[in-house]
Amino acid sequence: MSPPTPAGTATRTPPREATGAGTTELAEVPMRRTVPEDHGPVRFGPPLPDDGLPVPAELSAVLAAAAGRTGQDPVGGAPALLDAARGYWERRGLPTDPGDIAAAPGAPPLLLALTAALGGDVLVPRPCAAWWAPYARLLGRPVFHVATPAECGGVPDPYALLETVRRVRAEGGEPRLLVLSVADDPTGTVAPPEVLHEAVEAAVAEGLHVVADETWRDTVHDPHDPRGTVLIGPAEMLPEHVTVVSDLAGALLPPGWPAAVARFPATTAGHRLHARVLDVLTALGARLAAPVTTAAAYALAEPEPVVAHRTAAVRLHARVAAAAHATVTGAGALSLPPRAGRHLYADLGPLRVALAARGVGDAQELEDFLTARLGMPAPGGHRFGDDLAALRVRLSTGPLLGSADERRAACPATPDPPGPHRALDDLTSVFDELHDDRRWEPSR
């Protein structure tokens with residue numbers, strides 16, 4: 001068995017392990033391009049999408065009323081914000097002390113601070129959120145991707161995790177941190193509790209600290225769908241070994257108002273980690289803007305206008321995601337059904353011949369092709385740590401809502417809103433064309 005390779009290292013592609021797209025490729029394929037042309041891997045990273053709806057008037061009013069606050073809040077968050085975060089987690093069955101919480105202007109500074117404070121090598125699922133690995137690489141920390149189980153993304157397969165840890169240590173590495181997500185970006189899946197529990201138990205048994213990115217926790221499309229799964233976070237299983245990070249842009253605030261909170265274990269080690277994270281945030285100058293602090297505290301309290309807005313947005317994105325999934329799989333591509341968030345992850349490997357006829361042979365070329373044809377961002381799987389040679393892509397539901405504010409505002413109330421209808425027509429047209437070409441491929 002070859003030694004593990006940190007993310008971002010150019011190698012020949014080994015035999016494929018199962019990923020969140022639920023596929024397996026056995027052929028060894030040389031990478032067509034080790035550095036995507038004209039696209040920096042970090043600066044071209046796909047941005048966090050908004051929910052496509054107008055900001056609730058009550059939330060805007062809270063921010064506007066706080067616009068006159070010119071003082072600086074303390075690093076790690078003002079007391080009112082920390083208390084609101086405490087209530088938010090306690091309503092989800094996680095008793096929390098405000099002293100075990102830290103806030104920052106978005107989840108990236110929190111993950112950077114956690115990675116710096118914990119030290120060692122970082123393990124992430126393959127694929128994973130595009131913003132996780134760059135912060136470890138910025139600190140000079142190796143990042144190792146671990147295969148995910150066939151039924152979901154966001155969580156490593158426990159046996160693959162144990163094998164990766166063994167291999168990293170055999171090569172002289174120091175694996176210390178596992179980052180995962182139950183409600184996952186990029187795959188849009190929700191990890192079954194039994195799969196998550198096995199993965200977290202394996203990580204803790206090997207001495208890893210777990211960081212759970214729960215940004216999309218509150219965007220499960222239908223919690224009562226018997227085909228779906230109940231969302232349970234790792235901190236509810238082994239709270240002494242898990243730090244929870246939640247970016248409020250997932251379900252509570254617009255991405256342009258950056259705010260995130262982290263919940264640390266209520267242990268001696270957790271208190272030390274919290275203190276080290278505050279030191280790093282201080283060095284970074286990572287303070288929330290005072291008006292955003294006020295808006296974040298209001299949103300974390302989950303008043304009726306915020307909850308109603310979140311419910312409408314989740315319902316809308318769930319409907320668009322289901323339609324996009326039907327289009328993609330109907331054309332012959334592979335994709336797990338999206339159950340949360342604003343994305344789906346598709347494997348267009350079955351359409352490889354049709355795509356090759358259009359000059360598409362890897363994930364970067366697939367990204368370029370679909371972005372141009374659809375008129376919307378379609379980042380390739382290589383942005384999420386997947387193989388460049390694999391024809392995988394993340395499709396977001398946000399751009400399928402249309403761009404005009406008035407059409408977005410009409411979406412929750414209109415049975416068949418015009419924006420999503422037209423955008424989905426474009427998606428259907430592109431994938432139907434690929435499907436038609438595939439039907440006429442010569443038999444092998």
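**View 1. Leu 253 and its surroundings in a predicted model.** Leu 253 contacts Leu 59, Leu 248, Ala 259, Ala 295, Ala 296 and Ala 299, when neighbours within four places in sequence are left aside; contact means heavy atoms within 4.5 Å. The model is predicted, with local features needing pLDDT of at least 70 and side-chain atom pairs counting only at pLDDT 80 or more, while totals for chains, interfaces and linings use all residues. Residues are numbered from 1 along each chain as its sequence is written, and side-chain values use heavy atoms, with hydrogens and water left out.

**View 2. The nonpolar cores.** The largest nonpolar core has 58 residues, and those touching the most other members are Trp 89, Leu 161, Leu 178, Leu 248, Leu 253, Val 261 and Leu 300. A separate, second core holds 32 residues, including Ala 313, Ala 346, Leu 400 and Leu 434. A nonpolar core is a set of buried Ala, Val, Leu, Ile, Met, Phe, Trp, Tyr and Cys residues joined through side-chain atoms within 4.5 Å. Buried means under 20% relative accessible area, exposed over 50% and partly exposed in between (1.4 Å probe, protein chains only).

**View 3. Helices α3 and α7.** The axes of α3 (residues 107-118) and α7 (residues 268-284) come within 8 Å and cross at roughly 120°. Axes are lines fitted to C-alpha atoms, for helices over the stretch in contact, and angles run from 0 to 180 degrees between N-to-C directions. Helices (H or I, at least four residues) and strands (E, at least two) are DSSP runs, numbered from the N terminus. The two helices α3 and α7 are therefore oblique to each other; angles under 35 degrees count as roughly parallel, over 145 as roughly antiparallel, 65 to 115 as roughly perpendicular and the rest as oblique. On the α3 side the contact includes Pro 109, Leu 110 and Leu 112, and on the α7 side Leu 273, Arg 276 and Val 277 are among the residues. Of the residues in this contact, 13 are nonpolar, none is polar and one is charged. Nonpolar here covers Ala, Val, Leu, Ile, Met, Phe, Trp, Tyr, Cys and Pro; Asp, Glu, Lys and Arg are charged, and the others, Gly among them, are polar.

**View 4. Ala 340.** The loop between α9 (304-330) and β8 (343-347) contains Ala 340. Ala 340 is buried, with a relative accessible area of 0%. Its C-alpha atom is separated by 7.3 Å from that of Asp 184, 156 residues apart along the chain.

**View 5. Phe 384.** Phe 384 lies in the loop between α11 (363-374) and β9 (392-396). With 1% relative accessibility, Phe 384 counts as buried.
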